[in-house]
Amino acid sequence: MTLYVTERCNSRCRTCDYWRHGRNDLRLEDVRRLLPSLAELHTEVALLSGGEPLLNPDWAPIAELLRAAGLKVWLLTAGLALAKHVARVTALVDSITVSLDGTDAETYAAIRGLDAFDKVCQGIRAAADHGLPAALRVTLQRANYRQLPAFVDLAKDLGARSVSFLAVDVANPHAFGRTGSFISDLALRPEDLPVFAQVLGCLERDHAADFDSGFIAENPLKLRRLHQYFAAVQGLAAYPPVRCNAPEFSAVVGATGRVQPCYFISGPADSILTKGDAPLGGNLTAVLNRPGMSALRAAIRGGQRAECKTCVCTLWRDGAAA
């Protein structure tokens, strides 16, 4: 279960618009009201996301509440405030993932819109020093794809437990709080594709042990799919085949109470747990099983949603209920 703890963000990423207009926070009482539904759904893990979850003044009580209810808590953060909060974070969550999109200050600032590379690295090192090494997540795009091997080296230097890579999403105009005016020039261009292929080849050759150990989370074949994705964006190949059943075993609850089947697809109009300023009071199980949401999951399952065909973040779990 993903909880958007806040829509606010202290990054200024070119890939995302939450920082432009995000205002809402999930309240502690909202999460408390969700606990019976989470128990009924046999929820095992709560991912605290956003926006930047550490901006919510209730993030720590929320994490404590979820842990007390028997859930594992996973924090997805940009890391700007990680060093500041590291003692409480490492005491209250079970795993940390930090988004890091550059291996130097210049690249980081070009993508994230802030001169904060050293601050984020400080937080990652601090988490490792407190006994909870973070996983790093890199969004590959034209500004940083040549740094792919350097990300592996940097992750080791910072004491991270792993590093993973996904392609920048340029196909969905509504993901990440984007407005209808979203226009992207972030994808690799045709002239970048041969260079990217060489970079991938060097990574496979020089970091074979890191693939074998799982320090690089994806296997070489999955990373090669990133090349095909960027070729497809340029109309030079088909998009990689998608195998994903995430909406069958997970869901996203937004800071305003809206429920989605996944990050990239909005839920039906009636998939909401609250109205106006009222606390979240609806039954999540009931919302997930309303006709509109059930039909949406069926459409996703049947390959009828265009967003799925270009998705950059697929997830498959064997045995998930259909």
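Both Phe196 and Phe230 are buried, where buried means under 20% relative accessible area, exposed over 50% and partly exposed in between, with a 1.4 Å probe and protein chains only. This is a predicted model: local features need pLDDT of at least 70, side-chain atom pairs count only at pLDDT 80 or more, and totals for chains, interfaces and linings use all residues. Residues are numbered from 1 along each chain as its sequence is written, and side-chain values use heavy atoms, with hydrogens and water left out.

**Overall make-up**

- The protein chain has 13 helices and 8 strands; helices (H or I, at least four residues) and strands (E, at least two) are DSSP runs, numbered from the N terminus.
- Of the 322 residues of the protein chain, 50% count as buried.
- Contact means heavy atoms within 4.5 Å. Among contacts in the protein chain between residues at least 6 apart in sequence, 70% join residues at least 24 apart.

**Aromatic rings and charges**

- The count comes to 8 aromatic pairs, with rings of Phe, Tyr and Trp (its six-membered ring) paired if their centres lie within 6.5 Å; planes under 30 degrees apart count as stacked, over 60 as edge-to-face and the rest as tilted.
- Phe196 and Phe230 form an edge-to-face pair, at 6.2 Å centre to centre and 75 degrees between the planes.
- Phe196 lies in helix H8 (residues 193–206) and Phe230 in helix H10 (residues 220–233), so this pair ties together parts that are 34 residues apart in sequence.
- A cluster linked by ring pairs consists of Tyr145, Phe196, Tyr229, Phe230 and Tyr239.
- The charged end of Arg243 sits over the ring of Trp316, 3.9 Å from its centre; the rule requires NZ of Lys or CZ of Arg within 6 Å of the ring centre and within 35 degrees of the ring normal.
- The ring of Phe249 has the charged end of Arg317 over it, 4.1 Å from the ring centre.

**Nonpolar core**

- The largest nonpolar core has 87 residues, and Leu66 and Phe165 have the most contacts inside it. Such a core is a set of buried Ala, Val, Leu, Ile, Met, Phe, Trp, Tyr and Cys residues joined through side-chain atoms within 4.5 Å.
- Not counting residues up to four places away in sequence, Leu66 touches Leu3, Val31, Leu35, Leu38, Ala46, Leu48, Leu71 and Val73.

**Helix H6**

- The 13 residues of helix H6 (residues 117–129) should span 18 Å at 1.5 Å a residue, which agrees with end C-alpha atoms 18 Å apart; the expected span is 1.5 Å times one less than the number of residues.
- In H6, the residues Phe117, Val120, Cys121, Gly123, Ile124, Ala126 and Ala127 are buried.
- Their cover includes helix H4 (82–92), strand S4 (95–99), helix H5 (105–112), strand S5 (135–140) and helix H7 (148–157).

**Strands**

- In S5, 5 of the 6 residues are buried, so this strand is largely enclosed by the rest of the structure.
- S4 and S5 run parallel and are joined by 3 bridges; two strands pair if DSSP finds at least two bridges between them. Val98 stands opposite Leu136 in S5.
- S5 also runs parallel to strand S6 (residues 162–167), with 6 bridges joining them. Val138 stands opposite Phe165 in S6.
- Thr2 lies in strand S1 (residues 2–4) and counts as buried at 7% relative accessibility.
- Leaving out residues up to four places away in sequence, Thr2 touches Leu47, Ser49, Ser250, Ala251, Val252, Val253 and Tyr263.
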